[in-house]
Amino acid sequence: MNISTLPGTHPTGPILLPGTHPTDPIPLPGTHTQHSTFPYQAPTPDNPTIPCHSKILSFFYYSTIVNGKLYGMACNFKFCCQSCFQKMAQKGRSVSAHGIYQHIYQRSSDRSRIFRSSIDAIYFISVFHRYSLLYDVDTLAFCLMGNHLHMLSRATDASRLYDFIRDYSSVFARGYNAYYNLNGHLFQRPFGSALKAGSKRLRTCISYINNNPVEAGIERSMEDYVWNLFAYGQNSHPFSEKLVLRKSSKALRNSVAEVAEMIGENKILPQVFLANIFRKLEKEEQKQLRDYILKRYSPINYRQLESIFGSYDEAKHAMHSFIGREYDLKCE
């Protein structure tokens, strides 16, 4: 698999730019697009949330297609929709005890592909990173797949965690829809949630999340997958040659400088911005810039991850030994 693409994108093609179909030619630099610019203003507590009347479900059937075959796995998740966020928090915050990690699952509203390209994935990670800092959210595991995502995160209480999910989902969806000229909900309104208390459950959940691409047949080893960000815990350039600016092309140096400025100001990386800087680069340079960005925007607390397993290498060994199913997902 070409590591510059996500599941559902053409495995042998170049990085797909936003707004293009996998079989369409990549627009040349300087050509005009009809995409809207990303709204930088973040939602505030005063902003109304979109009402949702979805019922809370206690059972979820996860399915995926691998090599033309449909596979399924029953999981007991508790689903939470935006209209339920404050209600659950007001009822004694019983959904989540103080500081306990939760396995969160989000899927596209119509099960179609969300992350059409590396550009979409990097944009999402930059949004997730920014709001992790804003809400002081700690994340131990994270994985983007074609039409869904997993994370293992915690905040000081349930209300803060759900505000975090609401805001990053809203900001990402608004920018994504504006860029692709889409309307409607991007994510399925209820999201899956399960508390993970205790070292054993944390290790199991971390292994499960990181091994998603292995279970789906996308990669043979979980550290070979870009979008669980695991490899960046030990290497600043796991999927590219080491970036040496003085030996790099002017285009790559300029792109790194632009990204560094955005990082310094703790800004989100909009798709328009990413498309413009990536399209100027050669294929290997694209990989170098992607590694540069993901290393700096990764939301994973690698130090805490290592402490749970003992070391980074022990974490890797445990995940290689993982059988691939998380049996303790249940309705909280």
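**Surface, burial and salt bridges in a predicted model**

Author: The accessible surface of the protein comes to about 15,400 Å², and 50% of that surface belongs to carbon and sulfur atoms. The structure is a predicted model. The protein has 10 helices and seven strands, and 52% of its 332 residues count as buried.

Reader: Why is Ser240 called buried?

Author: A residue is called buried when its relative accessible area is under 20%. Ser240 has a relative accessible area of 13%, so the term applies. Ser240 is found in the loop between α5 (212–215) and α6.

Reader: Which residues is Ser240 in contact with, leaving aside its neighbours within four places in sequence?

Author: These are Glu284, Lys287, Gln288 and Asp291.

Reader: What makes the pairing of the side chains of Ser240 and Asp291 a polar contact?

Author: The limit for such a pair of N or O atoms is 3.5 Å. The two side chains are 2.7 Å apart, therefore the pair lies within that limit.

Reader: How do you know that helix α7 is mostly covered?

Author: Helix α7 comprises residues 271–278, and six of its eight residues are buried. They are Gln271, Phe273, Leu274, Ala275, Ile277 and Phe278. These buried residues pack against α2 (118–135), α3 (158–180), α6 (250–264) and α8 (283–297).

Reader: How do the span of α2 and the expected span compare?

Author: From its first C-alpha to its last, α2 reaches 26 Å, close to the 26 Å expected at 1.5 Å a residue. At the start of α2, a side-chain oxygen of Ser117 comes to within 3.2 Å of the backbone nitrogen of Ile119. After α2 comes Asp136, whose phi is positive, near 55°.

Reader: What makes Asp138 and Arg154 a salt bridge?

Author: The rule asks for a side-chain nitrogen of Lys or Arg within 4 Å of a carboxyl oxygen of Asp or Glu. The closest N and O atoms of Asp138 and Arg154 are 3.8 Å apart, so the pair meets the rule. The pair links distant parts of the chain, with Asp138 in strand β5 (residues 138–144) and Arg154 in strand β6 (residues 148–154), 16 residues apart.

Reader: What makes Lys267 and Glu265 a salt bridge, and why is Lys267 called partly exposed?

Author: The side chains of Lys267 and Glu265 meet at 3.0 Å, N to O, which is within 4 Å, so the pair is a salt bridge. Lys267 has a relative accessible area of 33%, between 20% and 50%, and is therefore partly exposed. Glu265, at 43%, also counts as partly exposed.

Technical notes:
Residues are numbered from 1 along each chain as its sequence is written. This is a predicted model: local features need pLDDT of at least 70, side-chain atom pairs count only at pLDDT 80 or more; totals for chains, interfaces and linings use all residues. Side-chain values use heavy atoms; hydrogens and water are left out. Helices (H or I, at least four residues) and strands (E, at least two) are DSSP runs, numbered from the N terminus. Buried means under 20% relative accessible area, exposed over 50%, partly exposed in between (1.4 Å probe, protein chains only). Accessible areas come from the Shrake-Rupley method with a 1.4 Å probe; for residues, only the protein chains shown count as cover. Contact means heavy atoms within 4.5 Å. The expected span of a helix is 1.5 Å times one less than its number of residues. A polar contact is a pair of N or O atoms within 3.5 Å; within protein, one must be able to donate a hydrogen and the other to accept it, and residues adjacent in sequence count only if both atoms are side-chain atoms.
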